[in-house]
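Dear colleague,

Please find the structure for your study below. My findings follow it.

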Amino acid sequence: MMSNLSFVIPGFGILLILLVYYFSRPQLSTRSNNTFIQLLGIQSLGLLLDVCAGMMQADFGSFPLWMHYGILTAYYILFAARIFWFYLFTVDLLQVDLQARATRMILSFAVFAIAEISVLLSFRTGAIFYIKDGVYQIGNDYNILYGCFLFYVMLSFLLLFFNYDRLERYQIVSIVAYNSILLLGNLIHFLFPQYLVMNTFSLMAIIIIYLTFQNPDLFRSDRGPSFNSTAFRFMLEEVGRAKNYRILGFVLRNYADEREIYGYHQMDQGIGLISRFLRDLCPGDTVFYLRNGCFAVMGNERMDWDTIRRKIYERFQQPWNADGADLFLTITFVRISSQSKDYDSETIINRMLSAFNEAQKKYSVDDILIDLDEIHDVDRQVDVKRALDRAIETDSVEIFLQPLIECKSKKMIGAEVLARIRNEEGRIIPPGVFIEIAEQNGQINRLGTQVLEKACRFISEGNLEKTGLRWLNVNLSPIQCMNRDLARQFRDILNRFQVNPEEVHLEITEASMVDFTILEKQIQSLRASGFQFALDDYGSGYSNLTRVKHYPFINIKLDLEVVWDYFREKDVLLPALVKAFKQLNFTVTAEGIETREMEEALSSIGCDYLQGYYYSKPLPVPEFMAKYTVSDLTKPVKKSETAEVRAFS
Ligand code: C2E
Ligand code: MG
Ligand code: MG
């Protein structure tokens with residue numbers, strides 16, 4: 001009753017190729033991976049026993065009876081175990097915690113136990129198999145094995161039904177496919193018990209699993225001996241649930257620029273060298289190369305990350321020799337630890353990636369520490385997105401105004417319009433949080449339109465005259481500039497409110513100058529409509545004086561970090577810069593003025609306008625009017641420190 005050898009030998013060959021290929025690659029130690037290795041073991045042993053049994057049956061008399069029984073018992077034990085392990089593998093993939101509920105646990109193991117006990121006792125009871133006249137025979141209760149098979153395949157389908165949302169589509173298809181193949185094998189085996197095809201069918205199932213989930217190449221980084229971000233996600237999904245862990249990440253600063261400078265090929269080689277160094281440095285931990293110069297080492301809660309950090313840091317004091325070129329690279333560290341278990345991998349990855357982004361932009365080498373227990377970034381993002389949607393749909397984006405003070409007269413001469421939205425509880429969400437999100441999902445266009453409309457309404461109600469303002473500054477995102485229709489839309493809004501374009505200055509951040517070729521046309525046509533431009537946040541990005549010179553700005557706004565830096569350590573740079581701008585006929589605004597000393601110092605080096613908390617925080621329009629209306633002398637000037645209640649500080 002055993003399958004003939006011509007069936008088994010090719011199966012063996014295929015399995016062997018799979019095994020060699022599989023074990024020659026680095027292994028990711030996840031739960032599903034371990035289960036898969038066990039499954040491979042069971043399958044190999046099952047095939048081996050199949051061959052042995054086939055040969056022993058053919059030459060029955062040469063072997064003692066107990067050996068025949070022994071080999072048959074072992075064969076059927078593995079037969080039942082195999083389907084159970086397929087089931088366990090599905091359980092791992094779907095991240096079902098069997099131990100969490102006693103009923104689940106008992107249900108899962110009971111049938112397996114019954115099948116195995118029946119097999120074990122068969123040499124006495126003959127329930128599953130027996131030997132008669134030198135021939136292996138199927139027992140009267142052989143149906144127990146079919147039942148066991150059917151049970152676990154059905155249970156797998158059931159689990160999939162309740163947990164499919166954890167997987168991607170192709171993974172779901174794959175789970176359905178390998179379970180269907182097992183089911184089909186079982187059916188054929190049931191209908192034609194003389195053909196023992198189960199080995200072949202389970203090999204097919206294993207190949208499907210291998211192709212979809214276990215191919216080591218799915219997890220390998222293409223640069224050096226490290227794992228990739230798919231592997232990172234996988235590990236987080238499992239480790240994140242199971243136990244405490246630590247992640248020490250670091251990022252090559254200015255990765256994109258360095259790649260340009262040193263060359264792509266050299267840089268890729270460098271990443272390979274770094275991966276190798278990390279693997280040798282922490283052999284017990286898992287090393288990942290995520291992308292864009294981001295590395296991560298993941299270990300358990302005993303990982304000695306201070307030592308590892310120090311060693312990595314020391315190594316980076318030396319150049320990396322890639323293809324004869326010496327790469328001098330600098331890094332910033334990101335550390336993640338969590339005591340809690342209930343973070344989904346998505347949260348951790350998002351948090352991690354945004355920390356990497358942050359680190360890549362940082363000028364200092366300080367580490368970034370993230371304690372997941374303190375930050376619920378994803379909730380926050382969802383909250384912000386919802387607030388954005390609502391604000392835009394209901395036309396409730398608010399504008400706050402912050403005065404611009406003329407140095408000469410010490411009087412307010414203009415104001416910057418700053419956007420605000422509120423969360424569900426009515427608390428203010430600052431633009432630092434929502435602008436980036438709005439830029440990413442394109443909502444910035446409608447948001448920007450609303451801000452401009454509200455600024456125009458403010459002007460059309462005669463508020464400039466009431467407060468002695470000459471103009472308003474409105475921020476323009478570089479994303480808005482990608483909209484070809486922008487100039488026409490802005491002109492229409494101004495026409496609708498009958499506002500003179502000279503009363504609106506548009507601020508463009510310095511960062512957007514990187515893609516200036518695209519901006520240039522846009523600025524030209526807006527200028528043709530009468531708008532004027534200021535360069536915002538000068539000094540926060542790649543400043544190129546010679547380039548700035550050619551652009552049609554009327555005003556340069558020094559970034560508040562630049563202003564504060566000057567104040568921490570006074571040198572000749574800022575005064576020289578201001579002087580240069582003045583000679584090029586730009587007016588200069590200093591942002592972030594918080595004290596009288598700052599006011600005096602920046603006035604004395606020649607700035608034209610000042611902006612900052614020293615004068616006022618950004619205020620809602622009613623408060624702004626109450627505080628600054630000149631004609632209405634009867635109203636007391638309100639203090640307005642409480643104007644902004646920040647929801648996310
Ligand atoms: P920004 O255009 O550089 O605006 C100045 C920011 O500096 C404002 O932050 C203002 O509150 C803050 N600031 C002013 N003086 C001081 C000071 O003395 N000390 C400190 N610590 N901060 C000061 P805010 O309102 O949070 O805006 C942040 C950024 O969001 C703005 O930077 C601007 O780039 C962007 N933004 C705001 N509203 C809009 C908008 O309507 N459209 C677009 N595209 N971007 C906007
Ligand atoms: Mg601005
Ligand atoms: Mg600014």
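How many Å apart are the magnesium ion (ligand 3) and the magnesium ion (ligand 2), and which residue coordinates both? The two ions are 3.9 Å apart, and the residue that coordinates both is D536.

This is a predicted model, in which local features need pLDDT of at least 70 and side-chain atom pairs pLDDT 80 or more, while totals for chains, interfaces and linings use all residues. Residues are numbered from 1 along each chain as its sequence is written, chains are lettered from A and ligands numbered from 1 in the order in which they are written, and side-chain values use heavy atoms, with hydrogens and water left out.

D536 and D537 are both buried (under 20% relative accessible area, with a 1.4 Å probe and protein chains only).

**Ligand 1.** Around this ligand stand 23 residues (each with a heavy atom within 4 Å of it); E416, D536, D537, E594 and Y613 are the closest. Oxygen atoms of ligand 1 make polar contacts (pairs of N or O atoms within 3.5 Å): one lies 2.8 Å from a polar side-chain atom of D536, and one lies 2.7 Å from a backbone N or O atom of Y613. Taken alone, ligand 1 exposes 790 Å², of which the protein buries 86% (Shrake-Rupley method, 1.4 Å probe).

Yours sincerely

Key: Polar contact = N/O pair within 3.5 Å; in protein donor to acceptor, adjacent residues only side chain to side chain. Donors = N, O, S within 2.8 Å, 3.2 Å for Na, K, Ca; no water. Buried < 20%, exposed > 50% of the residue type's maximum accessible area, 1.4 Å probe, protein only.
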